[in-house]
Structures are given as structure tokens and as C-alpha cells.
Amino acid sequence: MKNLKQSLAVALWFIFLTFPLMVVKVNTSDQVVQWRWMNILWVGVTFFVLSFIWRYALVRKEARQMAALSGQDEHEKPTKFQELLEDQSLRYRLMLGLLAFALVFPWVFDTYQSTIMVSALIYVVLGLGLNITVGLAGLLDLGYVAFFAVGAYAYALLNHHFGLGFWTCLPLGAALGGIFGVILGFPILRLRGDYLAIVTLGFGMIVKVVLENWSEFSFGPSGIANIDRPSLFGLDMDIAASTTYIYYIMIALVILTIIVTGRLKNSRIGRAWIALREDEIACVAMGIDMAKTKMSAYALGACWAGMVGVVFAAKTTFINPASFTFMESAIILSIVVLGGMGSILGVILGAMILILMPEYLRAFSEYRMIIFGAAMVVMMIFRPQGIISNIRQKYEFKGLKEKSENV
Amino acid sequence: MSDTQKQVLLEVKGLTMDFGGLRAVDSIDLTVSAGEIAALIGPNGAGKTTFFNCVTGIYTPTGGDVLLHPQGKPTRRVNGKKPNVITTLGMARTFQNIRLFSDMTVLENVMIGRHCRTNTGLVGAILRGAAARREEQETVEFGYHLLEQVGLAEFANEYSKNLPYGAMRRLEIARAMATEPFLLLLDEPAAGMNPQETDELDALICRIRDEGKIAILLIEHDMKLVMNISDNIHVMEYGKKIATGTPQEIKDNPKVIEAYLGEEADA
């Protein structure tokens, strides 16, 4: 009975909230107001049912938490899915399958699909890059898109003025991104938490405003057009072939990013980043140089953004400051949070979901932001650690010990 | 302990720490010699932890000197130095309120302690060459042996947040040991432990001193533990040092009884 009352209240509340949107419609051509009363019913019934599902999910979540608390030994038992993930041979087969699929993708689907895939892959690399800063080192960065812009403008300007090619600019973009990471890193070494977030937010804004207003340098809001596509031994390529080419470049970059970030994660440096995230004071007391560690996290995170910035400019052949708004930073951050902080596979999944879903659900494009927001709220309540939570590497000793005894 | 002159490892002279108008630590002199277990006791709020934080570089003291005399190396004055520099010089610490890296495994916590004794850089980590792999393996082994010493080897791949309380304290000690210190500062290592765990800790601390050749300075409220293992005891009250001596001398010191032990007699 109590549940019924609650659900009724929820339904009424949502009817009230969505009233202006769902019921009132002003027909501007005839200058009359249409009242769509039927919609009230739909909204009411939908949210009435949803609130029951919601409550059921909450109860289950609490039950699970209680079970975890009472049974000392089986806290945070990995789910079936995570156990599967840890199975090495299955993982390799899965990866091979994915790689094969990725390689034949442009031949199976048309250019449009490849184009969408390229932008998704760009976001995968961006997410993995930001994952270093936010997911591993725990430094909240709300201005990450600034480094993306640095890479894109580096290629666009160098190409425009000096005619430098894509392959020269790719490492240059990465290096410039890293340098900007260090520039941002210096003033914020002492900051943490909210203050850090605000400063990075400001940094992102500054870069955009500079690009918009320093017209002699960046050509202002009108942007830079006719940027060269990547070349392949001077071959002339039509748009379709070029898209396929960029697609393969992106696949290679994604693989490179996965390997590098995966190795960093379980290295001396990666551990220092995670320690910094977990407890700054204990981290320095254990002999870790905080300044160096923070800087390397910023620089390396920014590096990837600079690099794919170059690819982005080459792909679209036209860039202007409008591509580098705060919204982009927010989306990249959402990818990391939604996918799972620190988890490489999670971030890849997050990027695919957040970038591909809107493309394939164009029919619902009006509701995109509502779905996006609702998904975020649901995620944070039921799975705050992200789609795939970060699993730390397990170390085997027995073999090692025998080895050391033999030596 | 023999009466022969032991080499002094840590020498604190007139250490003072002011927070605004509050003098938390007031010109403390203290030395710790090689092979010594020294204890720092005093009522709550006497400034013991602040003293630790000054010595280990978490705070910059407002006055006085902290001198480190590593064996076979030149003396270093370390006030105002960063904590990581001081740890690298050979003085490690644990925390009163446990500060483990909770989302890392037990072994990784210890491996963090190895950070300042290893040197694989970014490039090494990415390329994962022979040198980097060897160093990584050495780190794992070193960490594992330390865990065996403190009796946590079976939990090596467990997240440290899932450990029982007493084990967390031991892990903190293991993590500090991983930095290969010559002097270990323990901030209330027995807090929250039951009598049996305290006895084990007692044995562990003595073992660290004897086998690891590490001197120890500890803050502790458990008088049984302190009287058992300490060679020298320093007593603080209201930021000042009021007594120094062997456990027996401290027990008989009227000032100490009044300031500290006396409170217990009242209760």
C-alpha cells in the first residue's frame, strides 16, 4: 500500500514536471494552444511502472550490500562477467575476434559507417588519455578538450603555413599536447579536488577564447579549412579511400594507446599514480615525488589528446573553435566515469556507447540529452564504479620464489 | 642495551612548531641511536604526532633543527625538506589514522614503498625492456618477503581495504619497511589492537630492530608495550618534553606520574 502511494506520488510529480513539454503545444502558425491531455495518461502510467522497477532495483542493491557486509569472506565477489574477463585464453580469442572485425569493418560497411567509427575511435583514445589523468592519478580535469584543440590547431596551422604533412605533425601534436599538459600542471601542483577542477575548467575556457579571438594566429571563429588529409606515399585518394585510410590509422592508434596505457597502469609509474589518487600524504611519505608524478600524469594524458587532435583535423579537413567547447570535455569525462575509472576495457565500451548510440538512434535525437542524463543518474546510483570496474593485477609468487631460490 | 657509545641516527634540536598563536611543539630535543627502540609518550594533544609530522617533513617546523646521520653518509639537515626526500634518505613512518592505498592490493601497497629505491621511468615502463622486467620482478619478490615477515603473505592479492584492522597496521609497517629505512617512525602502531595482536606486534618490532638493523621511534599509549620494548622513553606534555630516561626511570619520575600515569591512577 505504501509502495502504491509512493509510486502514485512519483507519477503525479512527473506529470507536473513534464506538463509544459508533453501537454502544452503552441501552434505558432495558427496561433492556438493545443492541449494534449492524453499524454498525461501516458506519462503517469510510464512513471508509475518505472518507479516500481526502480524500487525493486534499489532493494536488490541494498540486499547485495548487506550480504557483502555480513559475509566477511565474500565481500565484493567478482561477477561471472568479471571472472570471464580474467580468463586469459578467452580474452585473447575475444581480442583476436574484435581485431578481425575491426579490420574488415570498412569493407563490410559503407563510408558513412566508417566515418562514424573513426569519430568513435577518436573518443576512445581521448577517453583512454583522460583515464590516465582522472582514472589513475585521480586529478579531475574538466578542460581536457584544450589539449585536443592544441593538437588539432598544431596540425592545421603547420599544414597551412609550412605545408607540413600529417605524419610529421602526429608526433609533434602529441609533444605539444604534452608540453601544454606540463604548462597546465605547474600552477596546479598544490591544488586538489574541487579547486583543481575549477582551474582545469578555466584552462579549457582560456584556450577556446584565445582561439576565437586571436584572429591573426588562429583565423578566429571562421576556422581553418582545406587541411590536408593524411597521405600514403603521395597517392591520390578519393574521400572513401581516405576515410578507410584514416580508419586504419585510428585502429593502429587505439591499439598503441591500449598497449601503452595498459603497460603504464601496472608499472612503477602507474602504481605511483594510483597511490597519489588514493592518499596524497601517504604517497609522499612513501617516498614518491608528488610534483613529478602529477606532471607525468598530466603530460601523458594530454599527449594522447594532442595526437588524436591531429587526426581529427585531418579527418574533418576543417576546424574552428566551436569543436572544442566545454561540452566535449564533459562528454570525454562521462566516457571515463561511465566506462569505469581506471579500466581500459570499460573506457572503450563507454566511448562506443556514448558516441555510437546517438548516431544510430537519430530517430530519437530530440530525447538524446534526456536519455543521456537519465542513464548517468541510473549509473551513478546502481553502478558508481562504472560499467567495468578496475581490476588490479594479481601477482604470482610461487614461481618467482622458486626461481629466486634456484639462483 | 650495552653502554657503549652508539651512533646517533636522528638528532632533533630545539624543534618548535607554531600554528598561528598555538605552540604545538616547544623546543624539543631528542636523539635516536642505532639499534635503539625509543618511545615518545604523553597525554592526548601533547604534540606527539605534530612532532612526527615535523620530523618527517609533512609540516615545516618553525624553529629548531632536524639532523639525520645516516651510517656511512654525511649528515643532512632535513627541516623544510619534502617528505619524499626524507623518506628516500632513510627515515620512514606509519600513520596514526591508517593511510593505506585502499583500492590497491596488499602487495601493491608494499611495492609503492619500493618506488624510491627503483628507477624504471616512463619509457622503461612503456617498452618494458629486460631491465624494467627484472626490476619489476625484484620489487614483487621484495614485497612478498616483507609480507611474509609481517605475516600477510596469504593476503597478498587481496584489496587492502578488505583487511582486518590489525593486519592493516602491520601492512603499514611493511610498506614503510619497503623503503629500506635505517629509522622507522611508528605512530601508535598498537592502537585498536587486542592483547594478543599487541604481543605479536611487540615481537615484530623487536624483530625489525634486531634482524633489519633498523632503529625505531614510536608513539604509543599502550604502556605495557612501551615499557616492554623501549630502551629510552621521552615524555611530552603540552608541547614540551618533561622527561627522558629508561622505562624504570620514567616509572619513578614524579613529574611523569603527575602528568600522565597519574591520570590513570585516578581513574
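**Figure 1. A buried glutamine in chain A.** At 17% relative accessibility, A:Gln113 counts as buried, because the cut-off for a buried residue is under 20% relative accessible area. The view is taken from a predicted model. A:Gln113 belongs to helix α5 of chain A, which covers residues 111-136. Leaving aside residues up to four places away in sequence, A:Gln113 touches A:Phe105 and A:Tyr360.

**Figure 2. The two domains of chain A.** The domain assignment divides chain A into domain 1, residues 2-71, and domain 2, residues 81-382. Between the C-alpha centres of domain 1 of chain A and domain 2 of chain A the distance is 36 Å.

**Figure 3. The contact of chain B with chain A.** In this contact, chain B takes part with 47 residues and chain A with 40 residues. The two chains, B and A, bury about 3900 Å² between them, and 62% of this area lies on carbon and sulfur atoms. Of the area that chain B buries against chain A, 15% is supplied by B:His115, B:Ile126 and B:Asn157, more than by any other three residues.

**Figure 4. Salt bridges and polar contacts across the interface.** Two salt bridges are found across the interface of chain B and chain A. In a salt bridge shown here, the side chain of B:Glu136 meets that of A:Arg271, with 2.8 Å from N to O. Across the interface of chain B and chain A there are also 12 residue pairs in polar contact, with both residues at pLDDT 80 or more.

**Figure 5. Helices of chain B on the side that touches chain A.** Two or more residues on this side come from each of the elements α2 (83-89), α3 (106-113), α4 (122-127), α5 (130-150) and α6 (165-177) of chain B. Helix α5(B) gives nine residues, the largest share of the side of chain B that touches chain A. By residue class, the side of chain B that touches chain A consists of 18 nonpolar, 17 polar and 12 charged residues.

**Figure 6. An enclosed helix in chain B.** Helix α1 of chain B spans residues 48-55, and it is largely enclosed by the rest of the structure because seven of its eight residues are buried. The buried residues of α1(B) are B:Lys48, B:Thr50, B:Phe51, B:Phe52, B:Asn53, B:Cys54 and B:Val55. Just after α1(B) comes B:Gly57, which takes a positive phi of about 90°.

Methods
Residues numbered from 1 in each chain as written. Chains lettered and ligands numbered in written order. Predicted model: local features only at pLDDT ≥ 70, side-chain atom pairs only at ≥ 80, totals over all residues. Heavy atoms only, no water. Domains from an automatic or database assignment. Contact = heavy atoms within 4.5 Å. Buried area = accessible area lost by both parts, 1.4 Å probe. Salt bridge = Lys/Arg side-chain N within 4 Å of Asp/Glu carboxyl O. Polar contact = N/O pair within 3.5 Å; in protein donor to acceptor, adjacent residues only side chain to side chain. Helix = DSSP H or I, 4+ residues; strand = E, 2+ residues; numbered from the N terminus. Nonpolar A, V, L, I, M, F, W, Y, C, P; charged D, E, K, R; others polar. Buried < 20%, exposed > 50% of the residue type's maximum accessible area, 1.4 Å probe, protein only.
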